[in-house]
Amino acid sequence: MSLKSKGSGGEVSTRGMVSKNWTLLLCLGSFCVGLLFTNRMWTVPEAKDIIRTTGTGEDKIKLLAGDCSPKTMNERQQPKDILGEVSKTHNAIQTLDKTISNLEMELAAARATQELILNGSPISEDMKLTGSSGRRKYFMVVGVNTAFSSRKRRDSVRSTWMPQGEKRKKLEEEKGVIMRFVIGHSATSGGILDKAIEAEDRKHGDFMRLDHVEGYLELSAKTKIYFATAASMWDAEFYVKVDDDIHVNIATLGTTLARHRSKPRVYIGCMKSGPVLAQKGVRYHEPEHWKFGEAGNRYFRHATGQLYAVSKDLATYISINQHVLHKYANEDVSLGSWFIGLDVEHIDDRRLCCGTPPDCEWKAQAGNICVASFDWSCSGICRSAERMREVHNRCGEGENALWSAVF
């Protein structure tokens, strides 16, 4: 486009300039476009906000309405059904575990009987009954650790806290409590020492014979064989080991253990953590002291050896794994080591390690009867064959307590 205008100086070219009409149109168009653009910029977010709010409200309405629909109700009941199935499966697994455990103990009992027959060792009446009939349930088995030279100690126990004859049988039948002196055989099987024990057993019928060679340095092996054999012979809730120079109140022991019967793996005793003795020649020397770290270290927590108890699952564990369980020099340390790494609850009960009179007597007068009493200085009752009657008279719970106890 070429426009010309006249002025005083002559003619001026206006080529490329826009007319007023076009300028007006362009301005109006720009205004409209700007208005449209501004509208979009400010209204779209508002629309989104409205949609979100509305959407949330709709969701709430849908949730409220959905609660009443059968489909939603079924969906909400599904987690409960799943939990029910999980619980049933868990119970089934527990039942299966118990069945397997019982079968393993019966197998162990059969093997123990077979080994005794092959070795020519005498078979107790308890072992014969176990092999020939079904397994009855008992509450606890109390094994009194004894030696060939401890006849006087055994007699002192028989005359105080261990029922004899028909009373012992009644205790087994009515209370489910088994009590036996635990002993192996001599290095010369069938010798004079073994014959003396056989004669004593014929008289009292209160021995449990182990396939084990007796010896002070073999107490760890004896403890392991005791639990394995006891678990194979009697199906009990608890298995107790006690020395023959300790005074025990059986009814108080039973009520103490009964408090923990709902727990599957318990280890009960007076827990301690004594020093690891590396020096040779001292009592309780630990030949494998290097396994416990630097000199002066202490043992892990374990029950003192005078009296302790384990639940059925732990006795079964020992029975099944007896061939691979390591034995330390001290039997109480060995037992504690077998439970390291297992999900076991350690119960520290100081009533299992009271002192002899006046300590246990004062506690009895205060209504806190002791489970077991002994002298720490002697690791048992000093001169127990002579003093057991005195301790029993002053610290015993009374015979009626046993027959009236409910486990």
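Modeller: Helices (H or I, at least four residues) and strands (E, at least two) are DSSP runs, numbered from the N terminus. The model is predicted, so local features need pLDDT of at least 70 and side-chain atom pairs pLDDT 80 or more, while totals for chains, interfaces and linings use all residues. Residues are numbered from 1 along each chain as its sequence is written, and side-chain values use heavy atoms, without hydrogens and water.

Colleague: At what angle does helix α5 run to β4?

Modeller: Helix α5, residues 166-175, lies across β3 (137-145) and β4 (177-185). Angles run from 0 to 180 degrees between N-to-C directions, and axes are lines fitted to C-alpha atoms, for helices over the stretch in contact. The angle of α5 to β4 is about 125°.

Colleague: Which strands stand at the edges of the open sheet?

Modeller: Seven strands form this sheet, with mixed pairing, in the order β5-β4-β3-β6-β9-β8-β10; two strands pair if DSSP finds at least two bridges between them. Each edge strand has a single partner, so one of its sides is left without a neighbour in the sheet. The edge strands are β5 (207-213) and β10 (345-348).

Colleague: In which sense do β8 and β9 pair?

Modeller: Strand β8 covers residues 266-272 and strand β9 residues 302-311. Gly269 stands opposite Tyr308 in β9. Over five bridges, the sense of pairing is antiparallel.

Colleague: Are α4 and α6 roughly parallel or roughly antiparallel?

Modeller: The axes of α4 (residues 151-158) and α6 (residues 192-204) come within 13 Å and cross at roughly 10°. Angles under 35 degrees count as roughly parallel, over 145 as roughly antiparallel, 65 to 115 as roughly perpendicular and the rest as oblique. The two helices, α4 and α6, are therefore roughly parallel.

Notes. Contact = heavy atoms within 4.5 Å.
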